[in-house]
Amino acid sequence: MAHIQLLNDQLPGIVGLLDYRRETAQPLSALAEILLRGDSTLSSGEREMIASYVSFKNECHFCHSSHGAAAAAHLNKDANFLDDIKLGFVKTPVSAKLRTLLNIAAHVQQGGKKVTEADIAAARKEGATDREIHDTVLIAAAFCMYNRYVDGLGTWAPPGNDAYMPMGEKLAKEGYMVY
Amino acid sequence: MPHIPLDVNLPGITGILNYRTETALPIRQLTQILLRGDSTLTEGERELIATVVSYGNECQFCTAAHTAAADILLGEKGTAEKVKKDPLHAPVSEKMKGLLDIARAVQVSGKNVTTTLIDKAKAAGATDREIHDTVLIAALFSLYNRLVDGFASVTPPEPAFYERLAVILRDKGYLPSENRYAGLKA
């Protein structure tokens, strides 16, 4: 049970929270939409991988699984992909550039001060642009917010991977402004 | 030096939000609703929540900025100092103590918010909506603090800078505004 009385306690994770306070839901959803589905030289699949990876490191099962499933939908992967995210993508081919961006995201998750000059230099060496670095840091920081919102209010999350696959499909196709 | 090219006249978060205004807009809107919108918590109390989270994340820019904002809204400097360094004896209500404890837990991890912390805040009179907003403010500053330090943005050393910024935050709030940072220059 969530720490507060939601309007509809059947709604899992952030969905119940967005429903609880519509006014804050609007900018929260708009930010996810721009970051994960807006104009970018990174694909939506790559950006959802960053989101899911950070959420896994924050131990937020709902966000890890729902964004992992969104990445899977973009990249035509099955539910096993969610487990590979936990391992740091050992089975999934990841470009050298995306590896360096995932490294930056992992450091942002630990704390802003953990991002080093060397992390940034490594990303630039693989061709990452300022804008890609900016968006990676912001996606990672944004998921440190979403993850804390979801777990800090004690929302419930379906266990396992499979329940999230239709959710990921919907996020990938319809986006974040429908909630 | 910041990790990406930011306007040298806009230190801390200001240059980062200016770097990509499209993503900055929903972040600003969220902040305006949470820190200045309708609430049973005062603006000063909500700035204290932002302050303790930034302090916990050791984000000097955000700590100084929101301490200055809390000071100017509360009309004194003692409370913000105490909630950071001696929270047990801070001159705030038991309800605020409970909410600030929740915010400190969120700063570390959402999973650290226990039913004990929630029950304590509720027993001191905190409503569900106040608890919701406290968690979301703390989560939002977990984002801000990571932006400021994740880009290694500039942290001005002089306290007067933050006093000028606090006037802007008091008078103009958090939404984009014309000549927003005109008052930042000494």
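User: How much area do chain B and chain A bury between them?

Analyst: Keeping in mind that this is a predicted model, chain B and chain A bury about 3800 Å² between them, and 66% of that is on carbon and sulfur atoms.

User: And how many residues does the contact take from chain B and from chain A?

Analyst: Chain B gives 46 residues to the contact, and chain A gives 44 residues.

User: How many salt bridges are there across the interface?

Analyst: Across the interface of chain B and chain A there are four salt bridges, and one of the salt bridges in the model joins the side chains of Asp151(A) and Lys111(B), with 3.5 Å from N to O. Between chain B and chain A there are also 19 residue pairs in polar contact, counting pairs in which both residues are at pLDDT 80 or more.

User: Which helices of chain B supply the side that touches chain A?

Analyst: At least two residues each come from α1 (12-19), α2 (21-36), α6 (94-108), α7 (115-123) and α8 (128-150) of chain B. The largest share is that of α8(B), which supplies 15 residues of the side that touches chain A.

User: How do the residues on that side of chain B divide into nonpolar, polar and charged?

Analyst: On the side of chain B that touches chain A, 23 residues are nonpolar, 12 are polar and 11 are charged.

User: Changing topic, how many salt bridges are there over all chains?

Analyst: The whole structure has 26 salt bridges over all chains. As an example within chain A, Lys86(A) forms a salt bridge with Asp83(A), where the closest N and O atoms are 3.8 Å apart.

User: Where do Lys86(A) and Asp83(A) sit in the helix?

Analyst: Both belong to helix α5 (residues 80-86) of chain A, and because they are three residues apart there, about one helical turn separates them.

User: What about aromatic pairs, how many are there?

Analyst: There are eight aromatic pairs over all chains. In the pair of Phe61(B) and Tyr162(B), the ring centres are 5.5 Å apart and the planes are at 65°, so this pair is edge-to-face. The pair links distant parts of the chain, since Phe61(B) is in helix α4 (residues 60-74) of chain B and Tyr162(B) is in helix α9 (residues 159-172) of chain B, 101 residues apart.

User: Last one, which feature does UniProt place at residues 31-70 of chain B?

Analyst: The unreviewed UniProt entry places "domain: Carboxymuconolactone decarboxylase-like" there. In the model, residues 31-70 of chain B are 78% helix and 0% strand, with the end C-alpha atoms 15 Å apart.

Terms used
Residues numbered from 1 in each chain as written. Chains lettered and ligands numbered in written order. Predicted model: local features only at pLDDT ≥ 70, side-chain atom pairs only at ≥ 80, totals over all residues. Heavy atoms only, no water. Contact = heavy atoms within 4.5 Å. Buried area = accessible area lost by both parts, 1.4 Å probe. Polar contact = N/O pair within 3.5 Å; in protein donor to acceptor, adjacent residues only side chain to side chain. Helix = DSSP H or I, 4+ residues; strand = E, 2+ residues; numbered from the N terminus. Nonpolar A, V, L, I, M, F, W, Y, C, P; charged D, E, K, R; others polar. Phe/Tyr/Trp six-rings, centres within 6.5 Å; stacked < 30°, edge-to-face > 60°. UniProt positions renumbered as here; feature names shortened; annotations may be inferred.
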